[in-house]
Amino acid sequence: MIDSMYFQVFLGLICAGLIALTVTPIVRVFAYKIGAVDIPKDNRRMHKKPMPLLGGLSIFLGFTISGLLFCDITPTLAAAWFGGLLIIVIGILDDKYALNAWIKLLGQIAAAAIAVGLGGVQIEHINLFGRYIHFGVLSIPITILWIVGMTNAINLIDGLDGLACGVSAISSMSLLIVTLMHAELDVAMLTAILTGACIGFLPFNMNPAKIFMGDTGALFLGYMLSVLSIIGVFKTTAVVSFLIPVIIFGYPLFDTVFAFARRILQGRSPFSADRGHLHHRIIDMGFNVRQSVSILYCICSILGILAIMLTEQRAAASLVILVVALIIGLFNYALIKNKNTRTLTGLQETTEFDRVVLPDQKKDEPKDGAPATDKADSEEPKSE
């Protein structure tokens with residue numbers, strides 16, 4: 001019986017992947033037709049030529065169709081889907097018209113409220129080493145904060161070809177394994193379907209990308225991952241259940257917290273775009289796009305493995321988590337120090353990105369909008 005359930009989960013993953021793989025070329029044509037195209041116009045964008053957006057629509061279709069085929073329609077699933085649909089609409093409008101950041105934030109809060117109000121998705125308590133901490137009346141605002149925070153976290157790392165989609169696939173796969181270990185088979189099916197949809201879209205999104213997810217995909221993935229983590233992990237009886245999703249999503253959460261802190265300390269809006277994300281810093285060290293994405297994939301995979309270890313072997317995993325956290329912290333410090341040192345000494349960047357897109361070097365641009373190298377085809381959404 002259990003083997004049959006696991007087989008169904010596997011089939012759901014494959015089905016979602018095939019659907020996303022099949023509809024992506026159609027979505028790509030549709031994006032061009034409605035003008036949902038990202039035109040590089042600043043030094044954050046690492047692609048050289050206009051690129052179609054709306055790739056997240058493929059992921060949404062793969063998730064929705066497979067969900068209807070393999071899942072029972074519960075109030076929680078229906079609420080999550082309607083909230084996700086609202087996120088998709090906001091993403092499409094943003095990819096087409098570049099919505100104001102505050103309008104997007106209000107839409108994200110509304111989508112989170114749908115999941116909470118209609119689906120009963122709430123972080124009611126956490127289990128801290130055997131001691132339950134109940135949030136009471138604070139459970140609703142804490143849940144909304146988690147959903148909105150994760151929604152933006154995935155969007156903020158969407159800066160290189162295949163980065164946000166691949167990170168989401170790794171994170172959802174880690175979440176899938178954890179939910180299977182806790183015998184949360186309904187949630188596991190949804191998580192498997194989301195994983196498959198990401199994997200099906202990746203061939204078109206890897207460097208050099210043929211289509212970008214845009215806010216349509218990044219916001220939807222962040223939203224669904226946050227909801228699935230609540231109904232699949234936060235509500236378990238594991239003694240450190242709240243740490244598991246925090247570790248699984250460690251990279252996007254880490255990057256988001258530091259991005260917001262950095263901008264606030266600089267006296268700017270936390271929603272203002274900049275070129276200070278971790279993937280930008282790795283690029284500035286001289287790595288190309290594929291190398292940078294591979295480094296971040298490895299970090300996410302390590303964190304996912306640690307979360308899985310924490311589910312069964314708490315003491316050993318906790319020590320490893322501490323070591324990895326220190327390594328990541330030192331790595332980010334080294335990146336910051338490296339960037340500041342080069343700025344102070346006046347050394348010029350020698351990455352392919354700077355040779356292609358800096359305004360004072362436009363004379364070196366190839367004709368007819370053709371990219372100079374594969375590195376020119378890197379993803380950055382229209383706005384963060």
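In this predicted model, six aromatic pairs are counted. A pair of aromatic rings is described by the distance of the centres and the angle of the planes. For Phe60 and Phe220 the ring centres lie 5.4 Å apart and the planes meet at 85 degrees, and since an angle over 60 counts as edge-to-face, the pair is assigned to that class. Because Phe60 belongs to helix H2 and Phe220 to helix H8, this pair ties together parts of the protein that are 160 residues apart in sequence. Phe60 and Phe220 are both buried. A further aromatic pair, that of Trp146 and Phe249, is tilted, with 6.4 Å from centre to centre and 45 degrees between the planes. Trp146 is placed in helix H5 (residues 139-156), whereas Phe249 is in the loop between helix H9 (243-248) and helix H10 (250-265), so that the contact ties together parts 103 residues apart in sequence. Both Trp146 and Phe249 are buried as well. Ring pairs also link Phe60 and Phe220 with Phe63, Trp81 and Phe82 into a cluster.

Charged side chains were examined next. Side chains of opposite charge can pair when their charged atoms come close. Two salt bridges are counted in the model. In one of them, the side chains of Asp94 and Lys104 meet at 3.4 Å, N to O; as Asp94 lies in helix H3 and Lys104 in helix H4, the pair ties together parts that are 10 residues apart in sequence. Lys104 also forms a salt bridge with Asp215, the closest N and O atoms being 2.9 Å apart. Asp215 lies in helix H8 and Lys104 in helix H4, and the pair therefore ties together parts 111 residues apart in sequence. With a relative accessible area of 3%, Lys104 is buried, and Asp215, at 0%, is likewise buried. Through their shared partners, the salt bridges join Asp94, Lys104 and Asp215 into one network.

Helix H3 (residues 75-97), which contains Asp94, comprises 23 residues that should span 33 Å at 1.5 Å a residue, and this agrees with the 33 Å that separates its end C-alpha atoms. The buried residues of H3 include Leu77, Gly83, Gly84, Ile87, Ile88 and Ile90, together with Asp94 and Asp95. Among the elements that cover these buried residues are H2, helix H4 (101-119), helix H7 (185-205) and helix H8 (214-234). Just after H3, Ala98 adopts a positive phi of about 55 degrees.

Ser172 is located in helix H6 (residues 163-181), where it is buried with a relative accessible area of 0%. A polar atom of the side chain of Ser172 lies 3.0 Å from the backbone oxygen of Ala169, and, leaving aside residues up to four places away in sequence, Ser172 touches Thr191, Thr195 and Leu225.

The mean pLDDT is 80, and 76% of the residues reach 70 or more. Where pLDDT is low, the predicted coordinates should not be read in detail.

Key:
Residues numbered from 1 in each chain as written. Heavy atoms only, no water. Helix = DSSP H or I, 4+ residues; strand = E, 2+ residues; numbered from the N terminus. Buried < 20%, exposed > 50% of the residue type's maximum accessible area, 1.4 Å probe, protein only. Polar contact = N/O pair within 3.5 Å; in protein donor to acceptor, adjacent residues only side chain to side chain. Contact = heavy atoms within 4.5 Å. pLDDT = per-residue confidence, 0-100. Expected span 1.5 Å × (residues − 1). Phe/Tyr/Trp six-rings, centres within 6.5 Å; stacked < 30°, edge-to-face > 60°. Salt bridge = Lys/Arg side-chain N within 4 Å of Asp/Glu carboxyl O.
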